[in-house]
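Hello,

Here is the structure I promised to hand over. Please open it next to this message, and then read on for what turned up in it.

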Amino acid sequence: MDEAFFEMHLPDYDFHLFTESGTGQDSVRYHAGPTLPRLAQPTPPGPHLFFVDADRGRGSVLYHRYDGHYGLITPTP
């Protein structure tokens with residue numbers, strides 16, 4: 001991760017895509033503020049996925065229900 005942080009700053013990029021050596025996962029190192037680097041990695045399929053609905057601009061949760069189907073929770077307008 002330190003190498004990704006260094007490489008991200010060479011060309012003055014806001015992010016850097018790389019494969020993390022410890023887990024072998026594709027990862028993204030990015031800035032969440034002027035001095036706050038962050039790391040994002042995909043996780044194994046889990047029981048829920050939080051995302052922003054592009055049409056509404058609001059957060060939603062897609063989740064795996066106990067009956068094997070999927071459910072979607074959206075905020076009220």
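Of the 77 residues in the chain, 12% are buried. Please keep in mind that this is a predicted model.

First, the confidence. The average pLDDT over the chain is 79. A score of at least 70 is reached by 77% of the residues. Helix H1, residues 2-9, has the lowest confidence, with a mean of 63. Strand S6 has the highest, at 92. Where pLDDT is low, the predicted coordinates should not be read in detail.

Next, the layout. The chain has 1 helix and 6 strands. Read from the N terminus, the order of elements is α-β-β-β-β-β-β.

Now the sheet. Three strands form an open sheet in the order S1-S2-S3, and the pairing is antiparallel. Its edges are strand S1 (15-19) and strand S3 (37-40), each of which pairs on one side only. From one strand to the next, the twist averages 20 degrees. Strand S2 covers residues 26-31 and pairs with S3 over 4 bridges, in the antiparallel sense. To find this pairing on screen, go to arginine 29: its bridge partner in S3 is leucine 39. As background, strands of a sheet pair through backbone hydrogen bonds, either parallel or antiparallel.

Strand S5 spans residues 58-64, and strand S6 spans residues 70-73. These two strands are also antiparallel, with 4 bridges between them. Look for valine 61, whose bridge partner in S6 is isoleucine 73.

Last, the surface. Which residues form a nonpolar patch there? They are Leu49, Leu62, Tyr70 and Leu72. Together they have about 410 Å² of accessible area. Tyrosine 70 belongs to strand S6. Is tyrosine 70 buried or exposed? Its relative accessibility is 55%, so tyrosine 70 counts as exposed; the cut-off for that is over 50%.

Best wishes

How values were computed. Residues are numbered from 1 along each chain as its sequence is written. This is a predicted model: local features need pLDDT of at least 70, side-chain atom pairs count only at pLDDT 80 or more; totals for chains, interfaces and linings use all residues. Side-chain values use heavy atoms; hydrogens and water are left out. Two strands pair if DSSP finds at least two bridges between them. Patches are made of residues with over 30% relative accessible area and no salt bridge: like charges are joined within 9 Å, nonpolar side chains (Val, Leu, Ile, Met, Phe, Trp, Tyr) within 5 Å. Accessible areas come from the Shrake-Rupley method with a 1.4 Å probe; for residues, only the protein chains shown count as cover. A salt bridge is a side-chain nitrogen of Lys or Arg within 4 Å of a carboxyl oxygen of Asp or Glu. Buried means under 20% relative accessible area, exposed over 50%, partly exposed in between (1.4 Å probe, protein chains only). Axes are lines fitted to C-alpha atoms, for helices over the stretch in contact, and angles run from 0 to 180 degrees between N-to-C directions. pLDDT is the predictor's confidence in each residue, from 0 to 100.
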